[in-house]
Amino acid sequence: MLPMASPEIDALTQALARLPGLGPRSARRAVLHLLKKRETALTPLLRALELVDERLSTCHVCGNVDTSDPCSICADPRRDERSLCVVEEVADLWALERSRLFPGRFHVLGGRLSALDGVRPEDLSIDRLVARISAGGIDEVVLATNATLEGQTTAHYIAERLEGLPVRLTRLAHGLPVGGELDYLDEGTLAQALRARRPID
Ligand SMILES: [Zn+2]
């Protein structure tokens, strides 16, 4: 990739170029920066990567990815345990956390139902969600799946599965762009959708 670079530097550039949002050009710039700023950029990055790699885990309660299990959200006693927000992916959880508006805890499904991609209910953590809610102590479940056809199908399926359980089901307000994925929304729009969440009919 870099004609003058050693195989090691080439390998680093290629690894970075495969990251989402980068690409060969950005990767080359990043590598050059790391090489020039060894002490202030390369070493701290290496240390951070090592630490995360050592401690990386998936939270057995909510499915979040963190460096502790239970994750820092599940372990935080200040979070409102009576309110649970159901999202498709960890990226959606992180997006909602960036909005700082949801005081409760989360449940990550690990995807969305899709006939096209062959994703069935048993492929998602829906049973675990039902068990979690059946155990009691939760008043409100916010179904924050994406505003896509598959996201909405997933929300309806979960609503059916939760029928009869003593929880209030809500969903994010319309105003989310149709087909919109949480991760791509700006924090203001997301906060607005969360604030104006409404009961599922
Ligand atoms: Zn967790």
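What percentage of the contacts in the protein chain with a separation of 6 or more is accounted for by residues 24 or more positions apart? The figure is 55%, where contact means heavy atoms within 4.5 Å.

A word on conventions. This is a predicted model, in which local features need pLDDT of at least 70 and side-chain atom pairs count only at pLDDT 80 or more, whereas totals for chains, interfaces and linings use all residues. Residues are numbered from 1 along each chain as its sequence is written, and side-chain values use heavy atoms, with hydrogens and water left out.

I begin with the overall architecture. The protein chain contains seven helices and seven strands; these are DSSP runs numbered from the N terminus, helices being H or I with at least four residues and strands E with at least two. Read from the N terminus, the order is α-α-α-β-β-β-α-β-α-β-α-β-α-β. Along the principal axes, the C-alpha atoms fill a box of roughly 65 × 35 × 35 Å. Of the 201 residues, 39% are buried; buried means under 20% relative accessible area, exposed means over 50%, and partly exposed lies in between, with a 1.4 Å probe and protein chains only. The chain exposes about 11900 Å², of which carbon and sulfur atoms supply 55%; such areas come from the Shrake-Rupley method with a 1.4 Å probe, and for residues only the protein chains shown count as cover.

Let us turn to the metal site. Which residues coordinate the zinc ion? They are Cys-59, Cys-62, Cys-71 and Cys-74, each through SG, at 2.3 Å. Donors here are N, O and S atoms within 2.8 Å of the metal, or 3.2 Å for Na, K and Ca; water is not among the atoms, so sites may look incomplete. The angles among the four donor atoms run from 104 to 116°, and the site is tetrahedral, a label given to four donors if all angles lie between 85 and 135 degrees. In sequence, the donor residues follow the spacing C-x2-C-x8-C-x2-C. Cys-62 sits in the loop between strand 1 (57-58) and strand 2 (65-66), and Cys-74 in the loop between strand 2 and strand 3 (80-87), so this pair ties together parts twelve residues apart in sequence. Cys-62 and Cys-74 are both buried.

Strand 2 also contains Val-65, which is partly exposed at 33% relative accessible area. Together with Val-52, Leu-56 and Trp-94, Val-65 forms a nonpolar surface patch with about 360 Å² of accessible area. Patches are made of residues with over 30% relative accessible area and no salt bridge, nonpolar side chains (Val, Leu, Ile, Met, Phe, Trp, Tyr) being joined within 5 Å and like charges within 9 Å.

Next, helix 4. Ser-99 belongs to this helix, which spans residues 90-99, and counts as buried at 9% relative accessibility. Leaving aside residues up to four places away in sequence, Ser-99 touches Glu-187, Ala-191 and Leu-194. The buried residues of helix 4 include Val-90, Asp-92, Leu-93, Ala-95 and Leu-96, and their cover includes strand 2, strand 3, strand 4 (104-108) and helix 7 (187-195). Helix 4 is followed by Arg-100, whose phi is positive, near 55°.

Finally, the charged pairs. How many salt bridges does a search of the whole structure find? The search finds twelve, a salt bridge being a side-chain nitrogen of Lys or Arg within 4 Å of a carboxyl oxygen of Asp or Glu. In one of them, Asp-76 meets Arg-78 at 3.1 Å, N to O; Asp-76 is buried at 15% relative accessibility, whereas Arg-78 is exposed at 75%.

Glu-89 pairs with Arg-112, their closest N and O atoms being 3.5 Å apart. That pair links distant parts of the chain, 23 residues apart: the loop between strand 3 and helix 4, and the loop between strand 4 and helix 5. Glu-88, Glu-89 and Arg-112 are linked in a network of salt bridges.

Arg-197 and Glu-140 form another salt bridge, with closest N and O atoms 2.7 Å apart. Here the residues are 57 apart, with Arg-197 in the loop between helix 7 and strand 7 (198-199) and Glu-140 in strand 5 (residues 140-143). Arg-197 is partly exposed at 27% relative accessibility, while Glu-140 is buried at 7%.

Key: Tetrahedral: all angles 85-135°; square planar, octahedral: opposite > 155°, others 65-115°.
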